[in-house]
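Hi,

Here is the structure I said I would pass on.

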Amino acid sequence: VYRGSEYNVKYLPKIKIEIVVDKKIEEKVIKTIQNSANTGEIGDGKIFVSNIETIMRIRTGETGSDAL
């Protein structure tokens, strides 16, 4: 019972996915994840968006979008 409503909670394994994408496709990626993960049930998850200040590919020394 939560806030006066009774829920049947299925205990499903949780996963965490972390991805880094170019700013140009950020909204498309968010919408795709949202549309794919939405079941309408409690526990669909959350999407956190944060900025990555610096990216560097160690092997080549590429930085920024080139490193993605």
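**Salt bridges, a patch and a pocket**

Lys23 and Glu26 form a salt bridge, with 2.9 Å between the closest N and O atoms; the term stands for a side-chain nitrogen of Lys or Arg within 4 Å of a carboxyl oxygen of Asp or Glu. Before I go on, this is a predicted model, where local features need pLDDT of at least 70, side-chain atom pairs count only at pLDDT 80 or more, and totals for chains, interfaces and linings use all residues. Residues are numbered from 1 along each chain as its sequence is written, and side-chain values use heavy atoms, with hydrogens and water left out.

Back to that pair: Lys23 is exposed at 61% relative accessibility, whereas Glu26 is buried at 16%. (Buried is under 20% relative accessible area, exposed is over 50%, and partly exposed is in between, with a 1.4 Å probe and protein chains only.)

How many salt bridges turn up in the whole structure? The search finds three. Another one joins Glu62 to Arg57, whose closest N and O atoms are 2.7 Å apart. Here Glu62 is partly exposed, at 30%, and Arg57 is partly exposed too, at 28%. Then there is Glu18 with Lys16, at 3.2 Å between the closest N and O atoms. Glu18 is exposed at 64%, and Lys16 is exposed at 68%.

On to the nonpolar side of things. Ile15, Ile17, Ile19, Val21, Ile25, Ile33, Ile47 and Val49 make a nonpolar surface patch of about 740 Å². For such a patch, residues need over 30% relative accessible area and no salt bridge, and nonpolar side chains (Val, Leu, Ile, Met, Phe, Trp, Tyr) are joined within 5 Å. Ile15, one of the patch residues, sits in the segment before α1 (26-37) and is exposed at 73%. (Helices are DSSP runs of H or I with at least four residues, numbered from the N terminus.)

Last, the largest pocket holds about 1700 Å³ of space. It is lined by 43 residues, and Ile17, Ile33, Lys46, Ile47 and Phe48 are the closest to its centre. A pocket here is an open set of points on a 1 Å grid where a 1.4 Å probe fits, with protein on both sides within 12 Å along at least five of seven lines; lining residues have an atom within 4 Å of a point. By class, the lining has 21 nonpolar, eleven polar and eleven charged residues.

Cheers

Key: Points joined across faces, edges and corners; volume = space filled by probe spheres on them. Nonpolar A, V, L, I, M, F, W, Y, C, P; charged D, E, K, R; others polar. Patch = residues over 30% accessible without salt bridge, like charges linked within 9 Å, V, L, I, M, F, W, Y side chains within 5 Å. Areas by Shrake-Rupley, 256 points an atom, 1.4 Å probe, with all protein chains shown as cover. Helix = DSSP H or I, 4+ residues; strand = E, 2+ residues; numbered from the N terminus.
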